[in-house]
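Hi,

Here's the structure I promised to pass on.

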Amino acid sequence: MQGHRTKDFWAGALYLALGLATVILARGLTLGSAARMGPGYFPTVLGGLLAVIGLVSLLRGLVRPAERVDRIHLKPMVLVIGATLFFAASLDVLGLAVALPAAMVIAATASRRFRIAPMPLLGLAGFTLFCVLVFVRGLGVPLPMFGTLFGG
């Protein structure tokens with residue numbers, strides 16, 4: 001056995017945990033069928049698939065030689081997860097046009113190469129505009145463009 005310190009093992013363990021947590025959290029929702037999906041159908045199927053992929057990756061990490069992980073870097077992990085939580089918590093207050101780029105900047109600080117520069121900021125503005133146009137305008141997803149902090 002290769003051991004449990006490979007990238008495949010840790011990625012598989014994370015996918016397995018997230019998949020199982022999704023299935024468990026969705027179990028109280030109505031499942032429905034493939035033809036008439038209930039609110040629990042998509043998260044249950046997606047969580048199940050993620051758990052299967054995680055299990056395969058975890059097992060592969062145990063039996064195949066792969067790149068070892070010497071240590072888990074907590075700061076980048078906390079920043080990326082924190083950015084996601086920040087986005088979810090601030091969406092109503094700040095709105096999509098402010099919460100999305102703020103969350104992306106928070107997540108980007110996880111990189112050692114993070115720098116505030118004109119081109120990345122232009123890309124961030126373009127991506128934010130794209131998301132607003134596609135999700136709010138094009139698909140009609142009920143997300144506030146500007147939140148309650150801005151009178152939205």
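This is a predicted model: local features need pLDDT of at least 70, side-chain atom pairs count only at pLDDT 80 or more; totals for chains, interfaces and linings use all residues.

I started with the pockets. The largest pocket comes out at about 440 Å³. Its lining is made up of 15 residues, and the ones nearest the centre are Trp10, Val69, Ile72, His73 and Met77. If you sort the lining of the largest pocket by class, you get nine nonpolar residues, five charged and one polar.

Where does the lining of the largest pocket come from? Helix H1 (7-26) and helix H3 (74-94) each put in at least two residues, and H1 gives the largest share, with five. Seen by domain, at least three lining residues come from each of domain 1 (7-63) and domain 2 (74-150).

The second largest pocket has a volume of about 150 Å³. His73, Lys75, Pro76, Thr109, Ala110, Ser111 and Arg112 line this one, which by class is three polar, two nonpolar and two charged.

The unreviewed UniProt entry lists residues 9-29, 41-59, 79-110 and 116-136 under "transmembrane region". Two of those are worth a look in the model. Span 79-110 is 91% helix with 0% strand, and its end C-alpha atoms sit 6 Å apart. For 116-136, the figures are 90% helix and 0% strand, with 28 Å between the end C-alpha atoms.

Cheers

Terms used. Residues are numbered from 1 along each chain as its sequence is written. Side-chain values use heavy atoms; hydrogens and water are left out. On a 1 Å grid over the protein atoms alone, a cavity is a set of points where a 1.4 Å probe fits but cannot get out, and a pocket is an open set with protein on both sides within 12 Å along at least five of seven lines; lining residues have an atom within 4 Å of a point. Grid points are joined across faces, edges and corners, and a volume is the space filled by probe spheres set on the points. Helices (H or I, at least four residues) and strands (E, at least two) are DSSP runs, numbered from the N terminus. Ala, Val, Leu, Ile, Met, Phe, Trp, Tyr, Cys and Pro count as nonpolar, Asp, Glu, Lys and Arg as charged, and the others, Gly among them, as polar. Domain bounds come from an automatic or database domain assignment. UniProt positions are given in the numbering used here, feature names are shortened, and annotations may be inferred rather than shown by experiment.
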